[in-house]
Amino acid sequence: MTLFERIKKLAAQRNKNVKEIALILGFSENLFYKWKNSEPKARDLEKVADYFDVSVDYLLGRTQTPHANTTQPQQLTVEEALASVMSSDGKPLSEHDREILAGIIEAYIEKSSKK
């Protein structure tokens with residue numbers, strides 16, 4: 001199921017359409033349709049997730065569970081952690097920066113596991 005299809009389904013559960021949800025959230029009425037062919041901004045995804053009380057991962061199809069498991073911290077791999085990181089200018093990390101950050105994360109994990 002795509003991001004758009006999930007939003008459409010969640011909107012229908014509230015007896016609304018995607019245009020109505022977009023306007024309620026302060027977006028243009030066609031924003032969700034635009035997301036079919038473009039990447040949404042993280043803060044916009046968070047706003048939608050908060051409105052529907054679901055996780056961003058659920059919206060993106062990374063999990064079938066609408067709500068994050070808050071009782072147990074999620075364990076990410078180094079690659080999963082890096083996938084969500086952007087450079088300070090909002091662009092994807094360079095390969096050099098990914099290698100440096102991977103080293104830092106791996107060192108932190110190793111040190112934490114020795115405690």
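This is a predicted model: local features need pLDDT of at least 70, side-chain atom pairs count only at pLDDT 80 or more; totals for chains, interfaces and linings use all residues.
Tyr51 is partly exposed, at 22% relative accessibility. The cut-off for a buried residue is under 20% relative accessible area, so Tyr51 at 22% does not count as buried. The face of Tyr51 also carries a charged neighbour. Arg14 lies over this face, at 4.6 Å from the ring centre.

The whole structure holds 5 aromatic pairs. One of them joins Phe27 and Phe32. This pair is edge-to-face as well, with 6.0 Å between centres and 85 degrees between planes. Phe27 is buried at 12% relative accessible area. Phe32 is buried too, with a value of 1%. Ring pairs extend the group to Trp35, giving a cluster of Phe27, Phe32 and Trp35.

The protein as a whole contains 7 helices and 0 strands. The order of elements from the N terminus is therefore α-α-α-α-α-α-α. Of the 115 residues, 26% are buried. The exposed surface comes to about 8,500 Å², and carbon and sulfur atoms supply 50% of it. Among contacts with a separation of 6 or more, 36% are between residues 24 or more positions apart.

Helix α1 spans residues 3-13. Its buried residues are Leu3, Phe4, Arg6, Ile7, Leu10 and Ala11. They cover an arc of only 160 degrees around the axis, which puts them on the same side of α1. Which elements cover the buried residues of α1? The cover includes α2 (18-24), α3 (31-34), α4 (42-52) and α5 (56-59).

Arg6 is one of the buried residues of α1. Arg6 also lies over the face of Tyr58, at 4.4 Å from the ring centre. Tyr51 has the corresponding arrangement with Arg14, at 4.6 Å. After α1 comes Asn15, with a positive phi near 55 degrees.

Key:
Residues are numbered from 1 along each chain as its sequence is written. Side-chain values use heavy atoms; hydrogens and water are left out. Helices (H or I, at least four residues) and strands (E, at least two) are DSSP runs, numbered from the N terminus. Buried means under 20% relative accessible area, exposed over 50%, partly exposed in between (1.4 Å probe, protein chains only). Contact means heavy atoms within 4.5 Å. Accessible areas come from the Shrake-Rupley method with a 1.4 Å probe; for residues, only the protein chains shown count as cover. Rings of Phe, Tyr and Trp (its six-membered ring) pair if their centres lie within 6.5 Å; planes under 30 degrees apart count as stacked, over 60 as edge-to-face and the rest as tilted. A charge sits over a ring if NZ of Lys or CZ of Arg is within 6 Å of the ring centre and within 35 degrees of the ring normal. The arc is that of the directions from the helix axis to the C-beta atoms.
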